[in-house]
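Good morning. Please look at the model on the screen while I go through backbone, core and salt bridges.

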Amino acid sequence: MPAPKKTTRRSLLVTSAVLSSLALAAPAAVAAPSPSGSPSASPSATPPASMSSVGGARLGQPGTQVNLASGVPVLPKDVSARSWIVADAETGDVLAAHNAHWRLAPASTLKMLFADTLLPKFPRTAKHKVVPSDLAGIGSGSSMVGIKEDETYTVHDLWLGVFLQSGNDAVHVLSAMNKGVDNTVKEMNEHAEELQALDTHVVSPDGYDAEGQVSSAYDLTLIARSGLQKKDFREYSSTVTAKFPGETEKNKKGKPVRKSFEIRNTNRLLAGDSDVPVYQGIAGVKNGNTTNAGATFTGVAERGGKVLLVTVMNPEKPEHNEVYKETARLFDWGFKAAGKVQPVGELVPPKSAEQAGSQPGANPSGEAGGSGSGTAGTGSKPVASGPAADGSSGIGIALGITGGVLVLLAGGAFLVNRRWPLPDLVRRRTRP
């Protein structure tokens with residue numbers, strides 16, 4: 001479908017016409033073969049000749065789209081992903097993209113949509129006792145945080161399980177609290193439509209491979225941008241380590257004791273790994289990996305006052321942690337190119353953004369309904385770099401709000417500047 005006129009920059013149209021001949025035409029990566037009997041997210045190893053044009057006509061074209069000009073750095077050559085995008089998180093400018101609207105299996109990056117849909121619904125202090133039906137239908141081989149039947153968890157615990165360990169068990173428990181998986185899927189699809197993430201179709205709320213379940217690099221970036229307006233989302237997606245409740249056992253005296261264990265964020269650019277250092281300025285968002293999707297990742301990082309979003313889907317190279325390595329190279333390019341390269345498209349705002357910005361009663365902070373316990377991520381003060389009161393590691397918390405001032409300004413300036421800025425940033429301390 002064509003991009004709405006109100007979200008297409010006049011300058012972008014002129015620039016695209018003048019500089020379209022400079023776009024790179026990179027061959028698409030070959031898809032890994034799917035096991036016999038497993039659903040395929042895409043009908044072929046090459047992108048469709050014509051894709052959605054939401055955000056601009058260039059984004060609907062196959063191949064790499066970038067406006068090279070004097071002073072603009074060359075894109076990294078060693079990016080093998082089937083689809084990727086580099087965007088300015090605050091202005092919405094798409095700096096470069098490759099098959100941005102190719103509908104592919106999203107894996108657990110779909111949990112960003114799950115979180116953006118459900119976070120406002122439950123206070124983080126709310127408690128839920130898990131029953132067997134809560135854990136029904138979890139796919140074989142799913143990533144799990146370790147939730148046990150007949151144990152009680154807070155909503156805060158469950159969200160830590162979703163974001164840090166990509167726990168499908170935590171997703172299913174929260175879905176059960178939300179009137180079931182079917183209702184949750186329905187609400188996620190409705191929310192995707194509201195965000196104009198029209199490449200996205202949800203079948204399973206946890207991102208587990210399912211027939212017809214697809215998204216795109218463009219949509220995942222839209223979804224991340226929406227989620228990052230919520231301070232709980234920012235906190236959870238940027239937390240490196242936390243304590244998670246274990247199973248209740250009796251001690252030597254016969255008294256019930258429930259110890260906790262540490263969980264660690266599986267986002268390697270945030271937590272690091274043997275072959276991937278922590279990326280300077282990284283502040284989330286979500287990774288995924290399944291048979292059909294391969295490795296997928298959406299990240300947000302800040303440097304020198306610029307906030308970028310990068311999404312990478314299914315790198316062809318089989319190297320360990322390749323999705324993070326390619327993301328880091330695209331981040332590096334984006335920070336060098338920001339302010340120099342003419343955009344090839346834009347991240348469109350949600351359908352209701354213009355209306356909400358003009359309503360005097362609109363919530364300016366982007367606060368999730370899960371806030372309300374006084375722990376990190378609540379109130380109007382920025383989240384500090386230090387241990388949070390709930391035991392989670394504040395080192396990984398890089399984004400906060402300062403009274404929602406920038407969002408208030410965005411509401412007043414949206415019609416003029418077509419910007420949708422993120423709340424203010426808490427600068428990340430340099431880490432090795």
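Helices (H or I, at least four residues) and strands (E, at least two) are DSSP runs, numbered from the N terminus. This is a predicted model, so local features need pLDDT of at least 70 and side-chain atom pairs count only at pLDDT 80 or more, while totals for chains, interfaces and linings use all residues. Residues are numbered from 1 along each chain as its sequence is written, and side-chain values use heavy atoms, with hydrogens and water left out.

First, the backbone. Ser166 sits in the loop between helix 3 (155–165) and helix 4 (168–177). Its phi is near 55°, a positive value in a residue other than glycine. Ser166 is buried at 7% relative accessibility; buried means under 20% relative accessible area, exposed over 50%, and partly exposed in between, with a 1.4 Å probe and protein chains only. Ala107 also has a phi near 55°, and it lies in the loop between strand 3 (93–98) and helix 2 (111–118). Ala107 is buried, with a relative accessible area of 0%. Elsewhere, Gly284 and Val285 are joined by a cis peptide bond, with omega about 20°. Val285 belongs to strand 8 (residues 282–290).

Next, the core. A nonpolar core is a set of buried Ala, Val, Leu, Ile, Met, Phe, Trp, Tyr and Cys residues joined through side-chain atoms within 4.5 Å. The largest one has 64 residues, and Ile147, Trp159, Leu174 and Tyr218 touch the most other members. Helix 3 gives the largest share of this core, seven residues. A second, separate core has 34 residues, including Val72 and Tyr324.

Last, the salt bridges. How many does the structure hold? There are 14, where a salt bridge is a side-chain nitrogen of Lys or Arg within 4 Å of a carboxyl oxygen of Asp or Glu. One of them pairs Lys230 with Asp116, with the closest N and O atoms 2.5 Å apart. Lys230 lies in the loop between helix 6 (217–227) and helix 7 (231–238) and Asp116 in helix 2, so the pair ties together parts 114 residues apart in sequence. Both Lys230 and Asp116 are buried.

In another, Lys121 pairs with Glu187, again with the closest N and O atoms 2.5 Å apart. Here Lys121 is partly exposed, at 37% relative accessible area, whereas Glu187 is buried, at 17%. Finally, Asp78, Glu322 and Arg329 are linked in a network of salt bridges.
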